[in-house]
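Thanks for asking me to look this one over.

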Amino acid sequence: MKLLLSVALSAILGSPFTAAADGWKAGVAKVKITPERPMWMSGYAARTRPAEGTMIDLWAKALVLEDPAGRRAALVTMDLVGIPRDLSVAVCGAIETKYGLSRPQIMLAVSHTHCGPVVGRNLPMYFLDDAERQRVDAYAAALEQKLVAVVGEAIEHIAPCSLAWGNGQATFAVNRRNNKEADVPGLRERGLLAGPVDHDVPVLSVRDGQRRLMAVVFGYACHATVLDFYQWSGDYPGFAQAALEESHPGLTALFWAGCGGDQNPVPRREPALAQQYGQKLAQAVDRVLAGVMHPIEENLTASYHEIELPFAALPTREELQQQAASGNKYEAARARQLLSQVDAGKPLSPTYPYPVQVWRLGREVRLVALGGEVVVDYAVRLKADLGRGRTWVAAYTNDVMAYIPSRRVLAEGGYEGGGAMVYYGLPTIWAPDVEELIVKQVHEQINDARAPGSPTR
Ligand SMILES: [Zn+2]
């Protein structure tokens, strides 16, 4: 099927057919990013001490794709809770300098595991002493180098391959705003769970010239919050990737988190459950791999743009001073931080530079990558707009600066609607039009990729 398609395309283009020259190429590499010494864990503000051991190792993985025109794209996935903007900017700058990939060609994604380390200034909700702060900074500096190097290694491994896509399903994600955690087992049994979910498991397979699986990329829209203990762990996505790599020798499995800002795996908190959900996800991927997958035409486009995402009315200096005296230590710490910024002559910005990225693989697959902890409404809406199945919506990419509520969730309020902003150190809640601005930007990038002269028309 793939061969016929390649032959047909070469015939149309009038070029001599060779599999190596006309097909996709890809390279993959991975590097361990488990902290080498005890340091502070991220995910939960209530953490009281550094990590005490390792349940499963944390990894950063890179998949570099190249189409026959030589256009490349590098996906980097990480078993981490999030990455701050400054790390993303530094890593992408270094990759551009060293390997010539421009910003749209680089996608940085995390699994949002809550049993990974604090990453630089991401989620600045911890009260760390100087020694802990130094460990955090040293980890971020080492991570930056590892991420650049792993992309370089993947580039070195580039070889002919074929790509295919499909979608599976896994049902353990629950809308955590619409269901009480304690009620979930009974409600699930009776099919009465409330609220929107996205149970799709998008799968991209990469097979080498001998049709052996070299890499599989998959996503799922659900918080990696089964575990809240003091062991390094990739949580359910870590177990899913490990299960796939174990059952397919030579395979590298890369996970990206979808729009699961308001989704939890329930029930949770038991290590066996993290393993169980990981198995369920790996089985969903395996079912797709074993079925009929759609071959992906050999062309690639990538776009990236940061939009100025507006906050609601910024706090005045007086309001910040009041907050600094608050009995809520997180609110007080954020206010002190913002006051010191203002005092240093840097006024609060009314907007945040929010990253929106779109990759198009072949004629059909559109991988939309959004920054932050995006709620599920975005995936539901974008898939309805752009076509379910072929539209994949990754979140937690390129910069995890905050929760990203839809208009509905923002109006409803609560943790994802605005309450979590304090933990991210941002001055206030988002303005009501953030959903429209983000969706409009996605549509603009999709339409640009269809412009005359574009290879993906
Ligand atoms: Zn979260």
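The points below go through the domains, the pocket, the cavities, the strands and a few individual residues.

1. **Ground rules.** This is a predicted model, in which local features need pLDDT of at least 70 and side-chain atom pairs count only at pLDDT 80 or more, while totals for chains, interfaces and linings use all residues. Residues are numbered from 1 along each chain as its sequence is written, and side-chain values use heavy atoms, with hydrogens and water left out.

2. **Domains.** The chain is divided into domain 1 (20-300 + 355-418) and domain 2 (315-349); such bounds come from an automatic or database domain assignment. Taken over C-alpha atoms, the centres of the two domains are separated by 33 Å.

3. **The largest pocket.** Its volume is about 1000 Å³. A pocket here is an open set of points on a 1 Å grid over the protein atoms alone, with protein on both sides within 12 Å along at least five of seven lines; a cavity is a set where a 1.4 Å probe fits but cannot get out, and lining residues have an atom within 4 Å of a point. Grid points are joined across faces, edges and corners, and a volume is the space filled by probe spheres set on the points.

4. **What lines the pocket.** There are 33 lining residues, and Pro124, Gln337, Tyr424, Gly425 and Leu426 lie nearest the centre of the pocket. Domain 1 and domain 2 each contribute at least three residues to the lining. Helix H3 (85-99), helix H9 (329-343) and strand S15 (351-361) each supply at least two, with H9 giving the largest share, seven residues. Helices (H or I, at least four residues) and strands (E, at least two) are DSSP runs, numbered from the N terminus. By class, the lining has 20 nonpolar, six polar and seven charged residues. In this scheme Ala, Val, Leu, Ile, Met, Phe, Trp, Tyr, Cys and Pro count as nonpolar, Asp, Glu, Lys and Arg as charged, and the others, Gly among them, as polar.

5. **The largest cavity.** The structure holds three cavities of 30 Å³ or more, and the largest of them has about 80 Å³ of space. Its lining is made up of Leu63, Leu65, Leu75, Leu204, Val217, Trp256, Trp359, Leu361, Leu367 and Trp392. S3 and S15 are the elements that give two or more residues to this lining. Its class count is 10 nonpolar, no polar and no charged residues.

6. **The second largest cavity.** About 50 Å³ of space lies here. The residues around this cavity are Asp198, Asp200, Pro202, Gly219, Tyr220, Ala221, Trp256, Gly258, Cys259, Lys383 and Val393. Two or more of the lining residues come from each of S8 and strand S9 (213-220). Six nonpolar, two polar and three charged residues make up the lining of the second largest cavity.

7. **Strand pairing.** Which way do S1 and strand S3 (residues 59-66) pair, parallel or antiparallel? They pair in the antiparallel sense, over eight bridges, and Lys30 has Lys61 in S3 as its bridge partner. Strand S1 (residues 24-32) also pairs in the antiparallel sense with strand S6 (residues 159-169), over three bridges; there, Lys25 is partnered with Pro160. Two strands pair if DSSP finds at least two bridges between them.

8. **Ser205.** This residue is in strand S8 (residues 200-208). Ser205 counts as buried because its relative accessibility is 2%; buried means under 20% relative accessible area, exposed over 50%, and partly exposed in between (1.4 Å probe, protein chains only). Leaving aside neighbours within four places in sequence, Ser205 is in contact (heavy atoms within 4.5 Å) with Ser162, Leu163, Ala164, Leu213, Ala215, Leu289 and Met293.

9. **Backbone points to look at.** Most residues other than glycine have a negative phi, and most peptide bonds are trans. Val266 and Pro267 are joined by a cis peptide bond, with omega about -5 degrees; Pro267 lies in the loop between strand S12 (263-265) and H7. Leu123 has a positive phi, near 50 degrees, and is found in the loop between strand S5 (106-110) and helix H4 (130-156). Leu123 counts as buried, at 7% relative accessibility. Arg211, in the loop between S8 and S9, has a positive phi of about 70 degrees.

10. **Gly291.** This glycine is in the loop between helix H7 (271-290) and strand S13 (294-295) and counts as partly exposed, at 38% relative accessibility. Gly291 and Ser303 are 12 residues apart in sequence and 31 Å apart in space, C-alpha to C-alpha.
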